[in-house]
Amino acid sequence: QVQLVESGGGLVQAGGSLSLSCAASGRTVSGYAMGWFRQVPGKEREFVAAISWSRSRPYYAKYADSVKGRFTISRDNDKNTMYLQMNSLKPEDTAVYYCAADRAVVAGIAVTDQNEYDDWGQGTQVTVSS
């Protein structure tokens, strides 16, 4: 099992930026697809971004329409860490952000279905003020 720990959340004004990190431990995630999801109290958890694994670059990424062009997902296998750079933040981006890892997927697939993921972090709060 992989342990995932998110960091980098906080309070930011609308239009600002935050960078989230997801550090993995327990085993290497170089062969895992990984993703970011978010949840607002009283609502379902929703997909934000996902990145494939690959034996050689490039990786393949997918984004929710609501964040496309503003968020960028990346990974550093040497550090066993995934990132989410969030720019031009909006109040509606306020949520708890979770990272997840999927071990049972072939290379080159960015997984958007949260039910496919095996391991989850505890989440980090992102609050965007207007």
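Visitor: Let's start with Ser74: what is the bridge partner of Ser74 in S8?

Guide: Tyr83 is the partner of Ser74 in S8. Bear in mind that this is a predicted model, where local features need pLDDT of at least 70, side-chain atom pairs count only at pLDDT 80 or more, and totals for chains, interfaces and linings use all residues. Residues are numbered from 1 along each chain as its sequence is written, and side-chain values use heavy atoms, with hydrogens and water left out.

Visitor: What makes S7 and S8 a pair of strands?

Guide: A strand is a DSSP run of E at least two residues long, numbered from the N terminus, and two strands pair if DSSP finds at least two bridges between them. S7 and S8 (residues 81-86) have six bridges, in the antiparallel sense, so they pass. They also form a hairpin with four residues between them, and Asn80 in that turn has a positive phi of about 55 degrees.

Visitor: How many bridges join S3 to S8?

Guide: Six again, and S3 (residues 18-25) runs antiparallel to S8. One example is Ala23, whose bridge partner in S8 is Thr81.

Visitor: Why is the sheet called open?

Guide: Its four strands come in the order S1-S3-S8-S7, with antiparallel pairing. S1 (3-7) and S7 (71-76) stand at the edges with a single partner strand each, so one side of each has no neighbour in the sheet.

Visitor: How do you know that Arg38 and Glu46 meet in a salt bridge?

Guide: The rule asks for a side-chain nitrogen of Lys or Arg within 4 Å of a carboxyl oxygen of Asp or Glu. Arg38 and Glu46 come in at 2.6 Å, N to O, so the label holds. The structure holds six salt bridges, including Lys68 with Asp65 at 3.1 Å.

Visitor: Why does Arg38 count as buried?

Guide: Buried means under 20% relative accessible area, exposed over 50%, and partly exposed in between (1.4 Å probe, protein chains only). Arg38 has 5% and so counts as buried, whereas Glu46, at 37%, is partly exposed. Lys68 and Asp65 are both exposed.

Visitor: What does the salt bridge between Arg70 and Asp93 tie together?

Guide: Their closest N and O atoms are 2.7 Å apart. Arg70 lies in the loop between S6 (61-63) and S7, and Asp93 in the loop between S8 and S9 (95-102), so the pair ties together parts 23 residues apart in sequence.
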